[in-house]
Amino acid sequence: MRSEGSAMGGWLRLILAAMLVVLIVGSYFALPWLRTRGARLVRLRQWFDNPAAHPEWSIQVGARCGEAPFLLPTNGYIGFTWGDSFRPGHSHQGIDIFGGQAPGETPVVAVTSGYLSRLPEWKSSLIIRVPSDPLLPGRQIWLYYTHMADTAGNSYISPSFPPGTSEQYVEAGEFLGYQGNYSGDPNNPTGIHLHFSIVLDDGQGSFRNELKIANTLDPSPYLGLPLNASTDPGVVAVCGQ
Ligand SMILES: [Zn+2]
């Protein structure tokens, strides 16, 4: 009895020691990430509460950051970046820009010229084909925009691009619609924002599944902003940093 008890005690101590090591090593790697992410979440809350108090946190629709190839797609605070994680195993495939206005008020534009399509069932989304990636000429890429509808799925996309639109040419800076809060579930809308992502081509003339981060590109060099969550410098992503 006695020896079995101390053997179990030894195992317990070993397991506790191992857990402690995991905790310390884990914190070492997780804390900087939690700090920058925590700071961004706090700012997002402050932005929701009173956007007018933080005009310097907002990007400007149609502006170009330095020598970046693309224009900025809308106004607002960039609350979530590329690679952000909303739950274990999830990786955000684009950026979320929160306009700080009511649904249907914050304009959205084409960041570059291309060919716009909207699948017949798309209420809040559109995609623009760019035949030649400005950062890798010859490669075709796609620009995906979503959440451009109200909670019930009434679209805020410009009437120029009705459902079923295919390959309609748009100019850089052309008006596409407004930010919304459509999530697919009227009882659980998103915050009012635009989700924007850069999607790879499938090699057959269409786009890859935009829900997988492996099918998307880091938008940082295209927009001239720090938008990669894994190298988050902890600053507000606006032009001129
Ligand atoms: Zn998003």
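# Cavity, zinc site and disulfide in a predicted model

Biologist: Hi! How do the residues that line the largest cavity divide into nonpolar, polar and charged?

Modeller: There are six nonpolar, two polar and two charged residues in that lining. Here Ala, Val, Leu, Ile, Met, Phe, Trp, Tyr, Cys and Pro count as nonpolar, Asp, Glu, Lys and Arg as charged, and the others, Gly among them, as polar. A cavity is a set of points on a 1 Å grid over the protein atoms alone where a 1.4 Å probe fits but cannot get out, and lining residues have an atom within 4 Å of a point.

Biologist: What should I know about the model itself?

Modeller: This is a predicted model, so local features need pLDDT of at least 70 and side-chain atom pairs count only at pLDDT 80 or more, while totals for chains, interfaces and linings use all residues. Residues are numbered from 1 along each chain as its sequence is written, and side-chain values use heavy atoms, with hydrogens and water left out.

Biologist: Back to the largest cavity: what is its volume?

Modeller: About 70 Å³, taken as the space filled by probe spheres set on the points, with grid points joined across faces, edges and corners. Arg40, Ile78 and Asp232 are among the residues that line this cavity.

Biologist: Switching topic, which residues coordinate the zinc ion?

Modeller: His92 through NE2, Asp96 through OD and His195 through ND1, at 1.9 to 2.1 Å. Donors are N, O and S atoms within 2.8 Å of the metal (3.2 Å for Na, K and Ca), and water is not among the atoms, so sites may look incomplete. Along the sequence, the donor residues are spaced H-x3-D-x98-H.

Biologist: Is Asp96 buried or exposed?

Modeller: Asp96 is buried, since its relative accessible area is 6%, and His92 is buried too, at 3%. Buried means under 20% relative accessible area, exposed over 50%, and partly exposed in between (1.4 Å probe, protein chains only).

Biologist: Where does Asp96 sit in β2?

Modeller: In strand β2 (residues 95-98), Asp96 and Phe98 are on one side, Ile95 and Ile97 on the other, and all four are buried. In general, side chains in a regular strand alternate between the two faces of the sheet. Strands (E, at least two residues) and helices (H or I, at least four) are DSSP runs, numbered from the N terminus.

Biologist: How much space lies in the largest pocket?

Modeller: About 410 Å³. Of its 19 lining residues, the closest to the centre are Phe86, His92, Asp96, His147 and Thr190. A pocket is an open set with protein on both sides within 12 Å along at least five of seven lines. Its lining has five nonpolar, eleven polar and three charged residues.

Biologist: Last one: which cysteines does the disulfide join?

Modeller: Cys65 and Cys239, with S to S at 1.9 Å; a disulfide is a pair of cysteine sulfur atoms within 2.5 Å. The two are 174 residues apart, Cys65 in the loop between α1 (2-49) and β1 (77-80), Cys239 in the segment after α2 (220-223). The S-S torsion is about -80°, so the disulfide is left-handed. Cys65 is buried at 5%, whereas Cys239 is partly exposed at 36%.
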